[in-house]
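Let's look at this structure together, one question at a time. Keep the picture open as you read.

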Amino acid sequence: MRLPYLEHLDISGYDVSALSWDFNISFPRLTHLYLTNINAERVEPHFFKKIPPSLQVLHLENNRFRNLSLNNLMDITAIYLDGNKHLKNIEISSSKLRTLSFSNCSFTELGYIDLKTPYLEKLDMSNNSLESTSYFRFQNYQTLQILLLNNNKFSEIPLLNLQRLTELSLSYNMIKYILPERFLYLISLQKLSLKGNIIENIESNAFSGLTKLKYLDLSANQLRTLSSDFLLPVISLQFSNVGLRKIGQNFISSDSIITLSLDKNEINDISPGAFRKMKNLRHLNLSENRIPTEKFLMLYGNIKLQTLIINNNNDTSTKTLKEYETLQSLEHLHLCSNQMSDIQVPFHVATPNLISLYLSNNSIDSSNVIFDNLPATLNTLHLDRNLIDRVAQNKLKDLHELMMAHNRITQVCNEDCQEKSISLKGAFEMRSLHLSKNLISDISSDAFNDMKNLLHLDLSDNKISDVPKDTFNNTNMMTKLSLANNDLAAVPDVCPMLHLIHLNLSGNHISAILSNTFCSMRHLENLDLSSNIITTIHTRAFLQLTNLKYLDLSRNRLTQLPARWVSPWNIQELHLEQNKFTNLEDVSLIDIKSVLNVYLEGNPMVMFKAAYFHSLPGHLMVHIKNVHINDNCASCPCESSEEKKDDDDDNDNDSNNANANNGGFEKFFG
């Protein structure tokens, strides 16, 4: 075998003794070679003479190596030895190696690792049982930039003199204290993870020397307090799941912190000025705590805060949001899954520059408390999974996106509206509207008259049985429409939507697709009509959909498709599973030139004629199961016994030549 342009070869999990390739000859441009889980016990010295000089990355994970000596690695820049749990000794020599990983190898100490790799940049020793680095001379690797020591058994932070190191992970060890000046020589460190240890307290000088630190993760420790003069130059600080209960006045003093995460704690009390000494704080996450709902917005002095996230808060006392400080710069507010039933905060006063508001999965039953108080800057509003049954006229005039799935709306209208309805009057700027899983049974013909800019509309999973003919006359910019899982008996008039790309009508009661149903929708690429009761498709039904690429007609009652029923030049994937076809000829595939995949599983086809496949395009793949191919000699020529014998002889010769080829895997590996 020779594949001169192959760059990636993965033969993981194979029996290497059955392979006989000389990589240098067979794959001269190979760059990545995966030999994972091949039960190899050793690498013979001549192995690297049989691989092409182009090889850069070698994967040898999950094998059975014990003593490993890798020399003459040529231009290989990365070696992965993870999961070699029998490995005791490693010797590697290379001036080109930049990445080395031996994670999850059950190492308890580093005394048997001899690395002559002076330009190593990334070293992964994670998921072992290391307690110390005392036997490993890190000072010999001054080019090291990333060091991963997470998931070991370190009880203290190792003293490292690696002045180019930018990332250090010590997460999920057994570190209880941070001794002073442990990071003194890590002058380039930007990212430090101490997540998942048992750290209880942090002194003010614990991180001295880390002048370039930008990201610090102290999540999942056992912190209860912080020093009042705790200073850090970090940009992002993670204090998730450390057991904090109270955030006092002037919690942290730092002008460099931009992102602060305090989620998954037990915080039930936040002083109004807790974050005022963090003058450049932009993003604050307080999710999954026990903060009183009424005080979510009681944050004083945070003039630059742009994003506030308080989701999944567990407050059992009150369900009303009412107290606030003005957050002049706030643009994104997340208050999802908090069981809020009432909002008494005037958002246009408390958050005058708000752009997006997320109130999903609460218990809000009145839209007035929200829509009457929104700032003019708001363009994205998420109210899905609430109890809202009415939105009055002219309430949506500035919104670009409205998510209101899983509410109690029964009608979509414009001016003539019922009691439980959403009026779209004045929604001139709306681009995306999601009203799935409501109780909608009625759509007025003028409902979308003001929505000329609408691009995405989701009305799925409602009770819609009819869409008036002129409903979509003013939505000709729409690109995506879903009316799935409703009660439609026919395809509605979608012809005005000339730019539609995705149309989903699955899960309805449509029984026939008539000619010209889809008019000249030349941009439509994806059409889903699955799970209906379609028995009839007229000639030319889809012929005008000249750009259609994906068509799903599965789970219907089709027995036959007419000739010229679809445009032959663009459709690539056709789903016809679980219909009532008994013969492949009834699917009318011959004239469809572009189709790549046709799925026919679950049809009552018990026999195919092999001759019919000769009339299909050569690139077509037909997906079928549990059928019989009827290939009798009356339909196609049979091989003579002599021809068959000649073929067998040729195969034997090929096999012998392959076995004689130099460089079999059985010679590379034990």
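Q: How many bridges join β6 to β8?

A: This is a predicted model, in which local features need pLDDT of at least 70, side-chain atom pairs count only at pLDDT 80 or more, and totals for chains, interfaces and linings use all residues. Residues are numbered from 1 along each chain as its sequence is written, and side-chain values use heavy atoms, leaving out hydrogens and water. Strands here are DSSP runs (E, at least two residues), numbered from the N terminus, and two of them pair if DSSP finds at least two bridges between them. β6 and β8 run parallel, and the bridges that join them number four.

Q: Which strands stand at the edges of the open sheet, and why is one side of each left without a neighbour?

A: The open sheet has three strands with parallel pairing, in the order β4-β6-β8. Each edge strand has a single partner strand, so one side of it has no neighbour in the sheet; these strands are β4 (67-70) and β8 (113-116).

Q: Which residue in β6 does Leu70 stand opposite?

A: β4 pairs with β6 (residues 89-93) in the parallel sense, over four bridges. Looking across to β6, the residue opposite Leu70 is Ile92.
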